[in-house]
Amino acid sequence: MVEISEIICVTCPQGCLLKVKHEGSQVLEVLESGCKRGKEYAISELQDPRRMVASTVKVKGGLHPLVPVYTSKSFPKLLIPNLAKKLREIEVQAPVKINQVVLQNALGTGIDIITSRDMPAERKVNRKW
Amino acid sequence: MKRDYDVVIIGSGPGGLAAAIAAKENGAEDVLIIERDVELGGILLQCIHNGFGLELFNEDLPGPAYAQHFIHKVRGHGVETLMDTMVLDITPERTIYAINRGLGYIEIKTGAIVLAMGCRERTRAQILLPGSRPAGVYTAGTAQRFVNVEGYMPGEKFVILGSGDIGMIMARRLTIEGAQVERVLEIMPYLSGLTRNYVQCLLDYGIVLEKQRTVNRIIGNHRVEAVEAVSVDAAWQPIPGTQEIIPCDTLLLSVGLIPENELSKQAGVLLDPVTNGPFVDDHFMTNVPGIFAAGNVVHVYDLVDWVTEAGYVAGKGAAAFARSERVEPGGHIPLKAGENIRYVVPHKLEKAHLAVELVRLQMRAIVPIEERVLVTVEDQNGEVVAKKAQPYARPGEILTLALKPQAYEAVQKATSLTVNVRKR
Amino acid sequence: MPKTYDVIIIGAGIVGSLVARFLSRNKLDILLIEKEVDVGMGTSSANSAVLHAGYDPPTGSNKALTNVMAVEMWPGLSQELGIKYERCGDFVVAVNEEEAQVLEELLERGRRNGVPGIEIISAEEVRQREPLIRPDVVAALWAPTGAISDPFAATVAAAENAVMNGVELMRETAFEDFIMEGTRIIGVCTNRGEFFSRWTVNAAGLYADEVMHQAGVRPEFIIKPRRGEYVILDQADFKLTRLTVFFPTPTDKGKGIVVGGTLHGNVIVGPNANFVDSKENKAMTTEGIQEIWEGGNKLLPAIKRKHIIAQFAGLRATGNAPSPNPDINYNQDFIIEIPDKVSGLVNLGGIESPGFTAAPAIALKVIELLQGAGEVLVEKADWNPVRVPRPVFRNLSRDEQAALLARDPAYGRIVCRCETVTEGEIRAEIHAPIPADTYDAIKRRTWTGTGRCQGGFDMPRVVAILAEELGLTPEEITKKGGTSNFLSRRTKDVDQEHLSVEALI
């Protein structure tokens with residue numbers, strides 16, 4: 001079925017409304033594209049939408065009970081729920097270093113999940129609240 | 001520890017970290033950061049989402065990674081830090097009184113101070129939200145700290161008031177951690193955060209945003225049981241017959257930020273009623289000689305990259321002041337808000353400054369213009385000193401214009417400069 | 001055979017707590033029961049904190065008698081209980097000739113009631129004392145014995161002093177019915193079982209009518225909850241020239257909307273007075289906030305909406321009891337009696353404004369009633385009327401602060417930055433004779449979270465400290481008991497998955 005979909009472009013802060021004629025994920029024509037980058041964005045949004053995903057995983061013996069993590073590359077949007085579930089099962093041991101891989105080749109995407117900060121081990125002197 | 005420093009920075013968010021680095025790099029020997037939390041980084045540590053560093057590094061980093069870049073640098077530069085320490089008072093003569101558990105009462109004298117306390121969230125009381133006072137009404141930032149840092153969910157079924165960036169980002173975050181976000185309500189006819197966040201945090205997850213709608217009443221005695229939503233007219237008055245009871249257990253507020261300047265006031269720093277931050281010159285020095293301010297304590301920024309840059313300018317200015325290179329500054333001209341401009345930071349410009357380096361001006365528009373605009377800096381005779389074309393102007397996004405050394409001659413003749421934003 | 005108390009007091013508001021405190025002087029077994037998780041959570045928790053001079057109530061009424069009597073008790077009582085008290089005086093402001101006429105009546109009534117020192121002062125004098133007063137002020141009634149207290153602190157201190165002197169306090173213990181033997185009350189049924197006593201004092205505040213009806217006393221007496229809404233202004237933004245209280249000229253609707261200082265340095269504006277349907281309806285309304293704002297602005301045009309940092313509402317226990325004084329025609333008086341119909345009951349009711357002010361005098365009246373009924377009170381040798389206050393960091397000098405945190409490093413950590421409250425103060429309250437074991441209990445005692453960020457900064461920290469000190473998980477910590485938990489679960493412990501792939505398509 002040929003459809004015309006509207007997509008808000010997030011390539012720059014302007015947020016142009018793009019119009020795309022497509023059949024499923026097959027792009028037939030980008031009707032309104034804002035600019036050249038918009039056209040590319042529209043095609044990728046229909047064919048293979050991806051997002052940077054950030055979340056946390058549990059950490060044992062750390063200053064905080066969680067350490068923040070993110071996808072080293074844009075991650076397939078439709079796999080986000082499964083990724084969220086997967087990350088809940090992971091627990092790492094403090095101390096943790098930034099860019100440490102907590103999940104390799106997440107869900108077979110070839111994309112690693114890495115930490116976004118150091119997490120020192122809990123110490124009496126910096127006992128938190 | 002020492003009790004005498006060249007530069008002391010209060011707060012270790014992006015502004016404070018940058019100020020410390022710049023102070024060191026510009027000749028200040030003894031530099032100290034005082035931080036009230038147990039670690040450096042400020043609010044960035046709870047902003048685990050991506051989107052930081054695009055302007056400065058051309059990289060899309062999460063908040064903690066952005067902060068860590070600067071924390072490493074601060075450590076490498078030999079900046080001293082005093083954590084878990086609260087500043088109680090600052091005098092205009094730059095004596096700082098602070099306390100912490102280990103050292104007790106601390107009195108520090110310093111050549112210069114950089115205020116980098118950031119901002120705080122507007123609360124329920126400040127928007128006069130009616131209804132009962134149960135548990136379950138939180139600012140988006142408090143919820144963010146719980147979910148991302150402390151490791152606890154503040155509820156399961158949410159309504160979010162305000163389409164500010166933190167609110168939208170929390171909508172996505174809570175959804176990913178298994179909660180339900182019933183609705184995001186925005187009293188204005190337009191989004192108050194970035195379009196990117198609307199798409200990637202709300203649209204992606206099928207979370208409904210309702211504009212020109214607000215919370216009319218909070219319901220529930222012990223814990224929030226529901227909120228009553230209502231549509232509003234252009235004057236924010238509720239429209240009868242549009243009420244809807246939305247069952248939920250938590251109401252998150254993302255209704256604006258206010259610069260945190262209670263310490264500044266104690267030190268005799270004068271505040272601009274428009275920005276709620278100090279009046280600053282082009283070195284981010286306040287009216288009190290030797291007291292500088294950087295970041296969200298001056299005005300609420302939209303991008304962290306600009307906060308870092310402001311920190312650099314303030315830190316450099318503070319180092320110069322501490323080394324007595326900068327005597328009582330003179331040759332200032334005022335920078336004024338003109339057509340469709342709510343405010344301009346800095347508030348005044350030292351004319352000679354442009355001989356050395358460029359000076360960045362930052363402005364907020366009053367009303368949105370969704371077509372090509374021209375930002376102009378004009379002297380008292382309407383002569384254009386600098387200009388910049390932009391695809392649009394929106395109140396939610398800061399306008400930035402660099403006054404370059406090329407404008408030096410024109411600025412020498414000016415007695416004041418006014419910034420305007422107009423349709424092209 | 002279960003233990004029989006000498007006295008059971010129903011309700012630990014300011015009245016019940018002070019009755020317990022004054023009675024604890026004697027060799028009596030006393031039980032104080034409170035349905036909420038903390039003392040002082042009802043009417044005592046939300047009022048203007050003003051100790052009225054006593055020119056307002058009708059001469060000869062219970063209200064007038066106890067009000068004026070209590071005014072003289074508060075300075076000494078505050079000192080004994082270790083709470084702050086400021087006799088700053090109050091003004092009733094008239095803005096036209098008609099109102100000035102009413103001031104004359106108030107002056108006359110005040111003198112009849114025995115209020116010392118009241119006088120009418122000129123517009124010029126009012127402006128001199130507070131230049132921010134609206135410029136067209138005509139005159140004002142000045143009452144030098146008007147004062148400001150802290151109703152939370154007073155209630156906690158009174159209850160605590162009672163507990164120190166042997167009174168048993170049971171919280172989350174709700175009165176359900178009396179246990180009667182014929183017409184004699186011999187105890188009470190509660191959600192926590194039955195308790196027996198020789199005397200029972202009804203100090204149930206908003207619910208006093210329902211309690212007395214259970215004993216068959218005064219079936220015609222009804223308490224209608226009358227809500228008063230308030231706002232608090234940020235002391236960093238707005239201050240009165242000197243600490244005082246401004247009333248508008250009263251009308252037949254009541255004393256009107258006040259602008260006054262508080263002991264914490266803030267300015268309070270309110271209350272309005274509107275009857276509501278429920279004794280738990282402390283909700284604020286848009287109309288109500290508008291109403292008090294207009295009222296406050298009338299007195300001090302300089303107050304600005306953007307100075308507001310907090311808002312709350314309280315309920316008054318407005319009754320319909322005729323005054324016991326046959327010489328006056330007044331139908332909204334306090335009930336302070338031992339009723340004829342039953343024995344073993346001291347009955348209090350309709351304790352609305354000036355109830356907070358009058359409370360210590362009401363407590364003494366209760367003792368008089370008991371003695372009048374033949375109760376022989378024997379003083380304890382070891383009664384200690386003095387409650388030593390715990391340190392309040394922000395009120396100390398720099399040297400005192402340094403000494404305090406040298407002794408206990410927990411006083412070196414600020415938990416509430418707006419109000420400068422330390423971890424040490426919070427831990428001390430958790431381990432006080434009446435433990436503060438909810439967030440609001442900590443808030444009422446230390447003023448944590450009452451400043452401009454309204455708990456945004458301190459709340460996660462206070463929750464963590466409460467959990468640590470009480471040996472609970474953070475999810476178990478509540479705002480005010482019952483189901484008012486702050487947190488639902490750990491971030492990663494998801495019971496029910498809501499996020500699905502479908503949502504993302």
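Trainee: Is the crossing of α1(B) and α7(B) left-handed or right-handed?

Mentor: Keep in mind that this is a predicted model. Helix α1 covers residues 14–25 of chain B, helix α7 covers residues 304–322 of chain B, and their axes come within 7 Å. As α1(B) passes α7(B), the crossing is right-handed.

Trainee: And are α1(B) and α7(B) roughly parallel or oblique to each other?

Mentor: Look at the angle: the two axes cross at roughly 40°. Roughly parallel needs an angle under 35 degrees. That rules it out, so α1(B) sits relative to α7(B) as oblique.

Trainee: What kind of residues make up the contact of α1(B) with α7(B)?

Mentor: On the α1(B) side you'll find, among them, B:L17, B:A18 and B:I21, while α7(B) brings residues including B:V304, B:V307 and B:Y312. There's one charged residue in the contact, plus five polar ones, and the nonpolar count is 15.

Trainee: Now for α4(B) and α5(B): are they roughly parallel or oblique?

Mentor: Helix α4 (residues 165–176) and helix α5 (residues 195–202) of chain B have axes 8 Å apart and pack at about 20°. Their crossing is left-handed. Angles under 35 degrees count as roughly parallel, so α4(B) and α5(B) are roughly parallel.

Trainee: Which residues of α5(B) do the α4(B) residues meet?

Mentor: From α4(B) come B:D165, B:M168, B:I169, B:A171 and B:R172. The contact divides into six nonpolar, one polar and two charged residues. On the α5(B) side, the partners are B:N197, B:Y198, B:C201 and B:L202.

Trainee: Let's move on to the chains. Which element gives the most to the side of chain B that touches chain C?

Mentor: That contact takes 48 residues from chain B and 51 from chain C. Elements of chain B giving two or more residues include β4, β6, α3 and α4. The chain B side divides into 16 nonpolar, 18 polar and 14 charged residues. With six residues, the top contributor is α3(B).

Trainee: Last one: what distance separates the centres of the two domains of chain A?

Mentor: Chain A is divided into domain 1, residues 2–48, and domain 2, residues 54–115. Taken over C-alpha atoms, their centres are separated by 30 Å.

How values were computed:
Residues are numbered from 1 along each chain as its sequence is written. Chains are lettered from A and ligands numbered from 1 in the order in which they are written. This is a predicted model: local features need pLDDT of at least 70, side-chain atom pairs count only at pLDDT 80 or more; totals for chains, interfaces and linings use all residues. Domain bounds come from an automatic or database domain assignment. Axes are lines fitted to C-alpha atoms, for helices over the stretch in contact, and angles run from 0 to 180 degrees between N-to-C directions. Helices (H or I, at least four residues) and strands (E, at least two) are DSSP runs, numbered from the N terminus. Angles under 35 degrees count as roughly parallel, over 145 as roughly antiparallel, 65 to 115 as roughly perpendicular and the rest as oblique. A crossing is left-handed if the near helix is turned anticlockwise from the far one by less than a right angle, and right-handed if clockwise. Two residues are in contact if their C-beta atoms, placed from the backbone, lie within 7 Å. Ala, Val, Leu, Ile, Met, Phe, Trp, Tyr, Cys and Pro count as nonpolar, Asp, Glu, Lys and Arg as charged, and the others, Gly among them, as polar.
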